[in-house]
Amino acid sequence: MFSISLRADRLSKTYGTGLRSTGKCIFREVSFEIRPGKTFGLMGPSGEGKSTLGRVIAGLEKATTGSVYYKGIPFTGMKKNENIAFRRKVQIMFQDPTDAFNPRKKIGHAISEVLALLGTPEAKHSSETEELLITAGLPEEVLSRYPFQLSGGQLQRLALSRILLLNPEYIVLDEPTSALDVSVQAQILHMLKKVQSERNTGYLLISHDEAVIRFMSDSYGVLENGQLKIIE
Ligand SMILES: Nc1ncnc2c1ncn2[C@@H]1O[C@H](COP(=O)(O)OP(=O)(O)OP(=O)(O)O)[C@@H](O)[C@H]1O
């Protein structure tokens, strides 16, 4: 059946398999679905494999067995053009926004670099940049600043806005507010909700914070002892 969701189907991950090693199983037979415009929350104790699962869903790491389905097509069976679409439409946002920016390049450069990669004509760079700053809720001055001259919250808003240039259908949010002060956490969560309602984006939200998971998620699961327990 044709499906528009992003789906994890019986994913297992084992690190360190080889001739001399039996490997370390991180998770086993994990299945769940992220629907457009909805948030699936993933919580669980530290070191249980939440980030690994997020990277597998985003196509940055391979599952040992099982598959990620995007629009009904398994990741491993995608044709080249389907794989390109997947890589653009399924994005990941990390915990520490400073990692998302080159510390030696000004913010304006970081934005125009992505616009150039996307093939946006030069004539449209300034209007697209202006729009991005509106989404991020930041003034034009930030363009001439280096990442270290911005706060964590400002950088995370920029990181999300830059991801949005790709028009993603799904975003894996790996602890998107954990590196931020409590006072700015809510700002990011509200921005994520606004983006979702305007663009129908599906989220996989990874967090160890139950309050964040409950506030954001339509359904969620707990990853523990290698198993995912779904809690509707
Ligand atoms: N490339 C790798 N090679 C071997 N083991 C790895 C690799 N990446 C992660 N691991 C191990 O897999 C386990 C799960 O790590 P992961 O970062 O996915 O957990 P997590 O639940 O996201 O933890 P946290 O909440 O602390 O970020 C850990 O024991 C980690 O050491």
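Helix α5 passes helix α6 in a right-handed crossing, where right-handed means that the near helix is turned clockwise from the far one by less than a right angle, and left-handed that it is turned anticlockwise. The model is a predicted one, in which local features need pLDDT of at least 70 and side-chain atom pairs count only at pLDDT 80 or more, while totals for chains, interfaces and linings use all residues. Residues are numbered from 1 along each chain as its sequence is written. Helices (H or I, at least four residues) and strands (E, at least two) are DSSP runs, numbered from the N terminus.

**Helix packing**

Two packed helices are described by the angle between their axes and the distance between the axes. The axes here are lines fitted to C-alpha atoms, for helices over the stretch in contact, and the angles run from 0 to 180 degrees between N-to-C directions. The axes of α5 and α6 (residues 182–199) come within 9 Å and cross at roughly 15°. That makes α5 roughly parallel to α6, given that angles under 35 degrees count as roughly parallel, over 145 as roughly antiparallel, 65 to 115 as roughly perpendicular and the rest as oblique. From α5, Gly152, Gly153, Gln156, Arg157, Leu160 and Leu164 meet Val184, Gln187, Ile188, Met191 and Val195 of α6, contact being defined by C-beta atoms, placed from the backbone, that lie within 7 Å. The residues of this contact comprise six nonpolar, four polar and one charged, where Ala, Val, Leu, Ile, Met, Phe, Trp, Tyr, Cys and Pro count as nonpolar, Asp, Glu, Lys and Arg as charged, and the others, Gly among them, as polar.

Helix α4 (residues 122–136) and α5 (residues 152–164) have axes that come within 9 Å and cross at roughly 135°, and α4 and α5 are therefore oblique to each other. The crossing of α4 and α5 is right-handed. On the α4 side the contact is made by Leu132, Thr135 and Ala136, and on the α5 side by Arg157, Leu158, Ser161, Arg162 and Leu164; these residues divide into four nonpolar, two polar and two charged.

**Individual residues**

In the table, a residue is buried if 20 or more other C-beta atoms, placed from the backbone, lie within 10 Å of its own, exposed if 12 or fewer, and partly exposed in between.

| Residue | C-beta atoms within 10 Å | Class |
|---|---|---|
| Cysteine 25 | 14 | partly exposed |
| Serine 31 | 13 | partly exposed |
| Arginine 10 | 12 | exposed |
| Asparagine 200 | 12 | exposed |

Cysteine 25 lies in strand β2 (residues 21–34) and, leaving aside its neighbours within four places in sequence, is in contact with Thr14 and Gly226. Serine 31 also has its place in β2, and it touches Ala8, Asp9 and Arg10, not counting residues up to four places away in sequence. Arginine 10 belongs to strand β1 (residues 6–18) and has a phi near 45°, a positive value in a residue other than glycine. Asparagine 200, in the loop between α6 and β8 (202–206), has a positive phi of about 65° although it is not a glycine.

Key
Two residues are in contact if their C-beta atoms, placed from the backbone, lie within 7 Å.
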